[in-house]
Amino acid sequence: MAYVALYRQWRPQDFDALVGQDHIRTTLKNAINSGRIGHAYLFSGPRGTGKTSTAKILAKALNCVEGPTSQPCNQCSCCERITAGNSMDVFEIDAASNRGIDEIRDLRETIKFAPVDGRYKIYIIDEVHMLTTEAFNALLKTLEEPPAHVVFILATTEPHKIPATIHSRCQRYDFHRIEAGEIKKRLAEVVNRNQLKVDPEALQLIAAHADGGMRDALSILDQCAALDTEHVTADKVCNLLGLIGHEWVWRLAGALAKRDSAETLLILDELINMGQDVRQVLLELAKHGRSLMLFKVLPAGSSVMEMYSEDQTVLAEQSAQFTHQELVDMIRSLHEACNEAKWSPEPRITAEMALLSICRRVAAADWEALIARVNALENSLASGSMPTVSVPVQRKYSEEQPPALVQPSVRQPSAPKPVVQEIKPVAEMKTASSGMAKPVFTGPAKEEAGKIWAAILKELLADGKRSVHACISQGEILQLDEHQAIVGFAAKFSKERSEREDFRAIIEKVMAHVCGRPVRLQCVLGNSETSLPPAAEHVEKTNRAEIAAPKTEKAAAVSVEHPAVREALQMFGGKIIKE
Ligand SMILES: [Zn+2]
């Protein structure tokens, strides 16, 4: 005998065998028992949740020789014929392939004849949302006044596409996605009865992957069993479904938690070498991120909400290594990268960039401390008590060391001296005339920093990074120490463009080369405006025009083809506006 697919072998034959649709089972059974049988039903819900099966059970319940009964016998000729799909009274119509008005007209012709051997003529219209508007209108007339011996069962995965006029003439039943736990239970039963050898972890994977659909779950199980008649393991299921698998995703998340960029990239490399799909890696990592996020909020969540990872030990350990915000940011970046990878010619690069930025964002845990320091600096500047930007840090560092202002890292004896060495009295300030402390260097420190900065700018040009140079050179070096260079910008645009990942990477590379150590670029808004009139002018200009290029007026006149214009457009991401 030909092999019958598992999902057909295990199609529920009575209401009690329906999995995960208790609400529908109860209502339908009550309706039949009390003799309140509707003339039109609308079954809606995701695919594989039992709509067609329920329709057939309902047909049997109505036409069984014992019936109408909520427990069809499945033995009589009526029941058997309905199960086999050759009953003369039950019509299964696939609206996806019979969607026109002619099919509905034919249907209207046949419904007036009495049933052949049952009590009712039952019309099951699958995927009913596919009908054309004319077909719906034709159907509507029939639904309004059907003969007493006719029952319509409309099934759809997209109930919103069904006209309200049809809706209002049907009893609607919403089928739910079946919980992974219930699917797993049912799969275990099937495995047991069919004497298959399948690991519980493999069943768990299949249940999770079926996404609430029992038919999908059974089909996957079928495939797995066909692939390996001996023993189905979690690994084999992963292989078949192209899943990355928990172990790998946990390793990857572990590397991200440790902020270990190198390990992260190596794991990704290994996965890609194994032939895994980059998007699948990102997707499963995002799902695991969701598990961590949910676990952090609701440790008992794994039993309430379906989660990708359910290993409590892993969840507890890894969720403790991230903050809420980091998890939210991580999931967002992964989703963005996943979308981007769809169109990217090199999805691998997209994935690598996303993972690195997550490592880096996580690494920026000191970020808040840094912001606190900058805020403290700004406050002291505003109060006019500190003559230079670096002074509060330097002085506090050497004398009082209050926690908020202390440089976090240990200074090595061989490390270069900080550029700013001494406190300048307020009277010496270059911009004293403005009555406000300015975040600029004074004396030799300024000169030295200026020289280094000039060298950095020069190297950028020498490297051919003209767009980057044009942007960063709008800024002014405010502080340069062992770890970071703070650059102040008058214009928001130049600041934001300079600190974006692509430009930042180039700038930091050159800074590291010139300074002989890694130096982090920190861009801030605002520099000594009054002492730098050209910059102030620039602010005005950029504020006025949409395009932030310094030569806006001319740009409009120049051909877009001109290399300089093209470069400007690339740099600023703007468009030419004619004035
Ligand atoms: Zn029967």
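This is a predicted model: local features need pLDDT of at least 70, side-chain atom pairs count only at pLDDT 80 or more; totals for chains, interfaces and linings use all residues.

Analyst: At 10% relative accessibility, Cys76 counts as buried, because the cut-off for buried is under 20%. Cys64 is buried too, with a relative accessible area of 0%. The zinc ion is coordinated through the SG atoms of Cys64, Cys73, Cys76 and Cys79, at 2.2 to 2.3 Å. Angles among the four donor atoms run from 101 to 121 degrees, and the site is tetrahedral. Along the chain, the donors follow the spacing C-x8-C-x2-C-x2-C. Cys64 and Cys76 both lie in the loop between helix 3 (51-63) and helix 4 (77-84), so this pair ties together parts that are 12 residues apart in sequence.

Two other parts can be described briefly. In helix 9 (residues 200-209), the buried residues are Ala202, Leu203, Leu205, Ile206 and Ala207. Their cover includes helix 8 (180-193), helix 10 (214-227), helix 11 (234-241) and helix 12 (246-257). An α-helix has 3.6 residues a turn, so residues three or four places apart point the same way. After helix 9 comes Asp211, with a positive phi near 55 degrees.

Strand 6 (residues 476-480) is mostly covered, with five of its five residues buried. Strand 6 pairs with strand 7 (residues 484-489) in the antiparallel sense, over four bridges.

How values were computed:
Residues are numbered from 1 along each chain as its sequence is written. Side-chain values use heavy atoms; hydrogens and water are left out. Buried means under 20% relative accessible area, exposed over 50%, partly exposed in between (1.4 Å probe, protein chains only). Helices (H or I, at least four residues) and strands (E, at least two) are DSSP runs, numbered from the N terminus. Contact means heavy atoms within 4.5 Å. Donors are N, O and S atoms within 2.8 Å of the metal (3.2 Å for Na, K and Ca); water is not among the atoms, so sites may look incomplete. Four donors count as tetrahedral if all angles lie between 85 and 135 degrees; four count as square planar and six as octahedral if opposite donors are over 155 degrees apart and all others between 65 and 115; anything else is irregular. Two strands pair if DSSP finds at least two bridges between them.
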